[in-house]
Amino acid sequence: HALQPVGAALRRRGRPTGRQRRRRLAAFCPVIGLACVALFAALACGFLVHGTRFGFAARLTGDNPTAARALGFPTARIMTLTILLGGALAGLAGGVVVAGTEHRLGVQIGLFATFNGIVVAALARNEPLAVPVVAFFLAGLDVANASLKVFYGVSEGIVLVIKGIILLSFVTAQFFTSYRVALRRTERGRA
């Protein structure tokens, strides 16, 4: 062993052993499993919203409850079931946070979850299949927040400002693509 080249010894020393690889994989498996749960929930919600009668009734009730009532849909029951389903999904998200990162239930659990949820829903335009993509993008901003704070001394509020600017930009763009703004000219002689 003493006659081995130095490079071979360094390569062997820097390479993780089989036991170390298994530990790393075991530590990473809950994250993969919880990400799969979130993707499955998004796919199930997408199917529910776009592929079932209940989803059609829920979209119609959300857009125009009067028309839904006129068509014979039980709007109160649909709203109640939709709120209960949203609460169940929020509980699932909280369970994912507790099981994946915190491992305990504390006061600071999901501190910015409400604001992030509103931003995700607005940017995804209430489309369940777009939620994972938008949530992944916003999670990247949150991770960048920690790096900016540590390495560059940037305030934590900067990422909230960036999220607000992104949200405002998308909502403004949606407004101007949905509505036409017309300016009226008034004649001076008439009052």
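## Exercises on helix packing in a predicted model

The crossing of helix 6 and helix 8 is left-handed. This and every other feature discussed here is taken from a predicted model.

**Exercise 1. Describe how helix 6 and helix 8 are oriented to each other, and state which residues make their contact.**

Step 1. Begin with the geometry: the axes of helix 6 and helix 8 come within 10 Å and cross at roughly 30°.

Step 2. Angles under 35 degrees count as roughly parallel, and helix 6 and helix 8 are therefore roughly parallel to each other.

Step 3. On the side of helix 6, the contact is formed by Phe-115, Asn-116, Val-119, Ala-122 and Leu-123, while helix 8 supplies Leu-160, Lys-163, Ile-166, Leu-167 and Phe-170.

**Exercise 2. Carry out the analysis for helix 6 and helix 7, and decide which term describes their orientation.**

Step 1. The axes of helix 6 and helix 7 come within 9 Å, and the angle at which they cross is roughly 135°.

Step 2. An angle over 145 degrees would count as roughly antiparallel, and 65 to 115 as roughly perpendicular, with the rest being oblique; helix 6 and helix 7 are therefore oblique to each other.

Step 3. As for handedness, helix 6 passes helix 7 in a right-handed crossing.

Step 4. The contact draws on Asn-116, Val-119, Val-120 and Leu-123 of helix 6, and on Val-131, Val-134, Ala-135, Leu-138 and Asp-142 of helix 7. These residues of the contact of helix 6 with helix 7 divide into seven nonpolar, one polar and one charged.

**Exercise 3. Identify the residues of the largest nonpolar core and the elements that give two or more residues to it.**

Step 1. The largest nonpolar core has ten residues, namely Val-119, Val-120, Leu-123, Ala-124, Val-134, Leu-138, Leu-141, Val-159, Ile-166 and Leu-167.

Step 2. Two or more of these residues come from each of helix 6 (113-123), helix 7 (131-152) and helix 8 (157-178).

Step 3. Apart from this core lies another, of five residues, including Ala-57, Leu-60, Ala-68 and Phe-73.

Step 4. As general background, nonpolar side chains tend to be buried together in soluble globular proteins.

**Exercise 4. Is Lys-163 buried or exposed, and which residues does it touch when those up to four places away in sequence are not counted?**

Step 1. Lys-163 lies in helix 8.

Step 2. Buried means under 20% relative accessible area, and Lys-163, at 2% relative accessibility, counts as buried.

Step 3. Leaving aside residues up to four places away in sequence, Lys-163 touches Phe-115, Asn-116, Leu-138, Leu-141 and Asp-142.

Step 4. Turning to Leu-138, and leaving aside residues up to four places away in sequence, this residue touches Asn-116, Val-119, Val-120 and Lys-163.

**Exercise 5. Summarise the secondary structure and burial of the protein chain.**

Step 1. The secondary structure of the protein chain amounts to eight helices and zero strands.

Step 2. Of the 191 residues of the protein chain, 14% count as buried.

Terms used: Residues numbered from 1 in each chain as written. Predicted model: local features only at pLDDT ≥ 70, side-chain atom pairs only at ≥ 80, totals over all residues. Heavy atoms only, no water. Core = buried A, V, L, I, M, F, W, Y, C linked by side-chain atoms within 4.5 Å. Buried < 20%, exposed > 50% of the residue type's maximum accessible area, 1.4 Å probe, protein only. Helix = DSSP H or I, 4+ residues; strand = E, 2+ residues; numbered from the N terminus. Contact = heavy atoms within 4.5 Å. Axes fitted to C-alpha atoms, helices over the stretch in contact; angles between N-to-C directions. Left-handed = near helix turned anticlockwise from the far one by under 90°. Nonpolar A, V, L, I, M, F, W, Y, C, P; charged D, E, K, R; others polar.
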